[in-house]
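Let's explore a protein together, one question at a time.

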Amino acid sequence: MSGILRSTNENELDGKARDAMRADKPAELRRLLSENEAQKLIRKTGGNVLSYCLVDAIGYRYCECIQELLKAGANPCNVGECTPVMRTITHGGDLRILKLLLEYGANPDSDQGPSSYEPLYFAARFADLTCFRMLLLFGADPDYNCSHRDFLSSAPDVSSVLGTCLANNYEVQFVKLLIQFGANMYLPDIQRTRIQVDNDAAKLLDREMGKDIFF
């Protein structure tokens, strides 16, 4: 939602909310957002009037302000090119903030459609095992296919998160978690990658596939 398309009242509320948030004053933010007019605007816009304030608060890591925004009805999902979940993962991976977003209904997968990066991919890329596990606990798809053109140009034979972890020799714990949460070990890109690499993650996958055969 661009500033051009917003009403004067929406812009005014956004500005005041940002001022309180940037000063890290959650009590002031709570008071502002509890006012009747503010609540009407929040409901009218489905929480989107506070979306950019929420994304900014994540950048500052003001956890109490983030909680007040979410309690007031800020939309925890899609915001333009950067979702709150992606912002959290790419700006330090604060687990408290990620958990708050997910508890208030944020999508643990992408909100951007098939041409976007996935939060799981970035959590693995930044070696953030705690955020990776949190996303899976809240229902992230362990078998997503990433079709973002920039990603595919750098790894044209790999499209699943498990294949990505194998190909890039990420910590074996990432692969272990994916298997525990039900990732399909037999997707074509995973099998191709498994044959091409010799690392601990590939060896773990071989053992797990062996268990499937015998049990």
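Q: Among contacts in the protein between residues at least 6 apart in sequence, what percentage join residues at least 24 apart?
A: This is a predicted model, in which local features need pLDDT of at least 70 and side-chain atom pairs count only at pLDDT 80 or more, while totals for chains, interfaces and linings use all residues. Residues are numbered from 1 along each chain as its sequence is written, and side-chain values use heavy atoms, leaving out hydrogens and water. A contact means heavy atoms within 4.5 Å. Of the contacts between residues at least 6 apart in sequence, the share joining residues at least 24 apart is 68%.

Q: How many helices and how many strands are there in the protein?
A: Helices (H or I, at least four residues) and strands (E, at least two) are DSSP runs, numbered from the N terminus. Read along the sequence, the pattern is α-α-α-α-α-α-α-α-α-α-α-α-α-α. The count is 14 helices and 0 strands.

Q: What percentage of the 215 residues are buried?
A: Buried means under 20% relative accessible area, exposed means over 50%, and partly exposed is in between (1.4 Å probe, protein chains only). With that rule, the buried share of the 215 residues is 49%.

Q: Which residues have the most contacts inside the largest nonpolar core?
A: In soluble globular proteins, nonpolar side chains tend to be buried together. A nonpolar core is a set of buried Ala, Val, Leu, Ile, Met, Phe, Trp, Tyr and Cys residues joined through side-chain atoms within 4.5 Å. The largest one here has 63 residues, and those with the most contacts inside it are Leu33, Leu50, Leu69, Phe132 and Leu135. The largest share of this core, 6 residues, comes from helix H5 (residues 63-72).

Q: Which residues does Leu50 touch, not counting residues up to four places away in sequence?
A: Leu50 is one of the residues with the most contacts inside the largest core. Setting aside residues up to four places away in sequence, Leu50 touches Ala17, Leu33, Ile42, Leu69, Ala72 and Ala74.

Q: Which helices do the buried residues of H7 pack against?
A: Helix H7 covers residues 95-103, and its buried residues are Ile97, Leu98, Leu100, Leu101 and Leu102. They pack against helix H4 (51-60), H5, helix H6 (84-90) and helix H9 (129-137).

Q: Is Tyr104 buried or partly exposed?
A: Tyr104 has its place in the loop between H7 and helix H8 (119-125). Not counting residues up to four places away in sequence, Tyr104 touches Leu70, Lys71 and Pro76. Because its relative accessibility is 34%, Tyr104 counts as partly exposed.

Q: Which residues is Cys131 in contact with, leaving aside its neighbours within four places in sequence?
A: Cys131 is found in helix H9 and is buried, with a relative accessible area of 0%. Leaving aside neighbours within four places in sequence, the contacts of Cys131 are Gly93, Leu95, Leu98 and Ala123.

Q: Which residue forms a salt bridge with Arg18?
A: Side chains of opposite charge can pair when their charged atoms come close. A salt bridge is a side-chain nitrogen of Lys or Arg within 4 Å of a carboxyl oxygen of Asp or Glu, and the count comes to 12. For Arg18, the closest N and O atoms are 2.9 Å apart, and the partner is Asp56. This pair links distant parts of the chain, 38 residues apart: Arg18 in helix H1 (residues 8-22) and, in helix H4, Asp56.

Q: Which residues are linked with Arg18 in a network of salt bridges?
A: Arg18 counts as buried because its relative accessibility is 19%. The network of salt bridges links Arg18 with Asp14, Arg22 and Asp56.
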